Amino acid sequence: MGLLERLDAAPIICAEGYLFELERRGYVQAGPFVPEVVLEAPEAVATLHREFVRAGSDVVEAFTYYGHREKLRAVGREDDIEQLNRTALAIAAEVARESDALLAGNISNTHLFEPDDPATHVRARAMFEEQVGWAAQAGVDFVIAETFPFCEEALLAVREVTAAGLACVATLAIFKDPVTFEGAPVAEACRRLADAGADVVGLNCMRGPKTMLPLLGPIVAAVDVPVAALPVPYRTTKATPAFVSLCDTGYPSPPGGRAFPTALDPLLCNRYEIADFTASAAALGVRYLGLCCGAGPHHIRAMAEALGRTPPASRYSPDMAGHALFGDSDGAASARTRHEQRL
């Protein structure tokens, strides 16, 4: 079954977050966040794909986020763009075939788009066109166009995907105010993406579960296509709705003065918070669920289990009955008593 057929049957889960997880593992450089790992250590990418699928992801997303000319030019690797994209797609395709997961291509915000500068529109469309072309040749099931703060740039991406005859998931990145950078309300912007031909619309990145959830109901009500929600797994708040602005009072002086992007660890959501978000978003009618920057396989497993699923990784879900202190055995009970006396 393709994307829409699967969504008709049940909600689907898409694991993202490759940039942050591979940075934590020592394969991506924080700052540029360019997916050079695809060429330098392809086995690391394949391993993470497999871990996410094992944890419950229904989608293998080719790691081509920021794999466009603007980013690769910044690190002196523009000549490697085709090899990087084709390699990332081939890695993802292999894992998708192994697991019967959907294969997704990926395009993203360009950081060059300016709403009042038509020349940047032409350049952005050209970058989308070549990446979508390679994805189409790889036989992807659909393309994810993601992390767009400008609705107009997202529309350019959607048009390139649909022009190639491919299904499209289009998601916006919403910062402090619940509008795009042009000032369009979130639900209106999503409706525009759906009207342009996106098969799934919604939000990804920037906002954590608590600050993304309030935006989802109005989107579901505004569009006639499935809605996507892929927050970052960080404890964003009403005061700091976007994770790029988070600060950690326990360590207030990281480089730059903000926790983003390399000192976010104490602000990471636990698996139970992710499960709660999943259940709440699904109850609102969200059909396409996932997580963005910062997600680990245990978070994806929590999402799957919140939807009533038992992916292979559920074999090792927590079971405190077997714990030396918190278990049910006589030995655990006596050990627990000894430890509690010393708390």
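Colleague: What is the volume of the largest cavity, and what makes it a cavity?
Modeller: In this predicted model, the largest cavity has a volume of about 120 Å³. The name cavity applies because a 1.4 Å probe fits there but cannot get out. The structure holds one cavity of 30 Å³ or more.

Colleague: Which residues line the largest cavity, and of what class are they?
Modeller: There are 14 lining residues, and the closest to the centre are Gly 17, Tyr 18, Leu 19, Tyr 65 and Glu 146. Both α2 (18-24) and β4 (142-148) supply at least two residues of the lining. By class, the lining has eight nonpolar, three polar and three charged residues.

Colleague: Why are α10 and α11 called roughly parallel?
Modeller: Helix α10 (residues 209-222) packs on helix α11 (residues 271-284) at an angle of about 10 degrees, with the axes 9 Å apart. Angles under 35 degrees count as roughly parallel, so α10 is roughly parallel to α11. Among the residues that meet are Leu 213 and Leu 216 in α10, and Ile 274 and Phe 277 in α11. The residues of this contact divide into eight nonpolar, two polar and no charged.

Colleague: How do you know how α8 and α9 are oriented to each other?
Modeller: The axes of α8 (residues 151-163) and α9 (residues 186-195) cross at roughly 20 degrees and come within 10 Å. With the cut-off again under 35 degrees, α8 and α9 are therefore roughly parallel to each other. Their crossing is right-handed. In α8, Cys 151, Glu 152, Ala 154, Leu 155 and Val 158 meet Ala 189, Arg 192 and Leu 193 of α9. That contact has six nonpolar, no polar and two charged residues.

Conventions: Residues are numbered from 1 along each chain as its sequence is written. This is a predicted model: local features need pLDDT of at least 70, side-chain atom pairs count only at pLDDT 80 or more; totals for chains, interfaces and linings use all residues. Side-chain values use heavy atoms; hydrogens and water are left out. Axes are lines fitted to C-alpha atoms, for helices over the stretch in contact, and angles run from 0 to 180 degrees between N-to-C directions. Helices (H or I, at least four residues) and strands (E, at least two) are DSSP runs, numbered from the N terminus. Angles under 35 degrees count as roughly parallel, over 145 as roughly antiparallel, 65 to 115 as roughly perpendicular and the rest as oblique. Contact means heavy atoms within 4.5 Å. Ala, Val, Leu, Ile, Met, Phe, Trp, Tyr, Cys and Pro count as nonpolar, Asp, Glu, Lys and Arg as charged, and the others, Gly among them, as polar. A crossing is left-handed if the near helix is turned anticlockwise from the far one by less than a right angle, and right-handed if clockwise. On a 1 Å grid over the protein atoms alone, a cavity is a set of points where a 1.4 Å probe fits but cannot get out, and a pocket is an open set with protein on both sides within 12 Å along at least five of seven lines; lining residues have an atom within 4 Å of a point. Grid points are joined across faces, edges and corners, and a volume is the space filled by probe spheres set on the points.
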